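Here is a friendly briefing to read alongside the structure. Please have a look at the ligand surroundings and at one side chain inside the protein.

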Amino acid sequence: MSLQNLLDLLPDELESLAESLGAPRYRGRQIARWVYQKGVTAIDEMSDLPRAFREALAERAHVADLEVDLRTPSRDGSEKFVWRCGDGARVQSVLMPDRDRLTLCVSTQVGCGFGCTFCYTGTMGLERNLMTGEIIGQVVGAMRVLGGARRPTHIVYMGMGEPLANYTATVKSLRLLVDQRALGISPRRITVSTVGLVTAIERLARENLRVNLAVSLHAADNSLRDRLMPVNKGFPLEALLAACRRFPLPVRQRMTFEYVLLAEVNDALEDARRLARLLMGIRAKVNLIPFNDWNGSDFSRPSLPRILGFQSILLERGITATVRWSKGEDIGAACGQLREAVPA
Ligand code: SAH
Ligand code: SF4
């Protein structure tokens with residue numbers, strides 16, 4: 001029988017596991033503390049558990065942590081991690097320091113099946129979904145690698161893959177992030193980015209997780225969005241915006257709309273006006289992402305005046321709009337640049 005990965009289990013499930021081994025439920029809470037708060041991976045080191053219980057537990061379970069395959073620092077202070085999963089698959093996370101914030105960008109799939117034309121990850125196709133333990137393992141692994149001194153303060157689901165296409169594992173990993181018995185990170189500091197899967201957004205709305213949602217828009221009309229993002233043919237803008245309007249936003253929180261700026265494609269002032277009209281009545285902020293180039297892409301980044309011109313149209317219309325200069329561009333870790341290099 002294969003061993004259960006403790007990183008795949010919620011605190012309640014750890015308690016049930018303890019109970020199934022004949023121990024009191026609070027032993028499960030102790031396990032959670034070792035795994036998530038102390039970052040211990042060897043069951044034998046969980047010293048406040050009775051020896052016999054540790055032995056019984058080790059016959060049923062283990063901590064399948066991710067191994068660091070590569071750690072690449074960028075000139076701008078960010079850092080890319082390549083992790084190796086149990087089956088040899090490789091996934092990436094990016095760590096981005098910004099004053100007192102330390103943001104970790106995690107992956108949810110190996111590759112991605114949505115094929116957005118401007119995205120490098122999209123050229124891989126989907127290899128497989130990550131398990132909950134492999135998503136949360138990126139957070140626990142980064143904490144382990146960084147040592148006790150620094151912990152990620154913010155988590156964004158913007159790495160490889162589409163989080164809401166791996167719905168069950170993503171939601172379970174979110175529960176582990178926010179659970180005080182596990183990682184205890186405030187949901188306000190967690191953002192899930194989606195390509196716009198309407199039915200999954202509606203389902204997420206009912207989970208009562210209170211995490212931030214970022215929606216990848218990239219075009220303000222259907223014909224252009226159809227061309228850039230094939231997903232738009234199934235979930236066009238009207239349906240997507242309707243789901244966004246219904247999404248329960250906590251007070252004082254706004255929904256983020258991501259917009260990759262592609263020269264001569266979606267960066268005209270008229271596009272900005274159309275975008276402003278589309279977002280009317282939604283508590284929205286817009287994140288403009290100047291295109292990050294990759295080898296073989298059909299797009300380029302607009303000039304700085306054009307980027308700022310686009311932004312000012314939104315600002316004039318009362319929409320908060322920031323330009324996100326991606327981090328880690330020199331190490332292939334910027335938005336949309338993640339793709340696992342074929343091993344030599
Ligand atoms: N699949 C999810 C999350 C991962 S991508 C999504 O699509 O939202 C994170 C963000 O990077 C998305 O907004 C995506 O559209 C954007 N992105 C993809 N390729 C890019 C590129 N080459 N340059 C800049 N941003 C890019
Ligand atoms: Fe997938 Fe997001 Fe890239 Fe589109 S932008 S191909 S959904 S990772």
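Predicted model: local features only at pLDDT ≥ 70, side-chain atom pairs only at ≥ 80, totals over all residues.

**Ligand 1**
- The shell around ligand 1 holds 19 residues, and the closest are Gly-161, Ser-193, Ser-216, His-218 and Asn-292.
- By class, that shell around ligand 1 splits into nine nonpolar, eight polar and two charged residues.
- An oxygen atom of ligand 1 sits 2.6 Å from an N or O atom in the side chain of Ser-216.
- Glu-258 places a polar side-chain atom 3.2 Å from an oxygen atom of ligand 1.
- On its own, ligand 1 has 530 Å² of accessible area, and the protein covers 96% of that.
- Two or more residues of the shell around ligand 1 come from each of the elements β10 (190-194) and β12 (255-261).

**Ligand 2**
- Around ligand 2 you will find Cys-112, Phe-114, Gly-115, Cys-116, Cys-119, Gly-122, Gly-161 and Val-195.
- The shell around ligand 2 has five nonpolar residues, three polar ones and no charged ones.

**Ser-93**
- Ser-93 belongs to strand β5, which spans residues 90-98.
- Ser-93 counts as buried because its relative accessibility is 0%.
- Its side chain makes a polar contact of 2.7 Å with the side chain of Trp-83, and another of 2.9 Å with the side chain of Gln-138.
- Leaving aside residues up to four places away in sequence, Ser-93 touches Glu-79, Lys-80, Phe-81, Trp-83, Leu-104, Cys-105 and Gln-138.

Key: Residues numbered from 1 in each chain as written. Chains lettered and ligands numbered in written order. Heavy atoms only, no water. Near = heavy atom within 4 Å. Nonpolar A, V, L, I, M, F, W, Y, C, P; charged D, E, K, R; others polar. Helix = DSSP H or I, 4+ residues; strand = E, 2+ residues; numbered from the N terminus. Buried < 20%, exposed > 50% of the residue type's maximum accessible area, 1.4 Å probe, protein only. Polar contact = N/O pair within 3.5 Å; in protein donor to acceptor, adjacent residues only side chain to side chain. Contact = heavy atoms within 4.5 Å. Areas by Shrake-Rupley, 256 points an atom, 1.4 Å probe, with all protein chains shown as cover.
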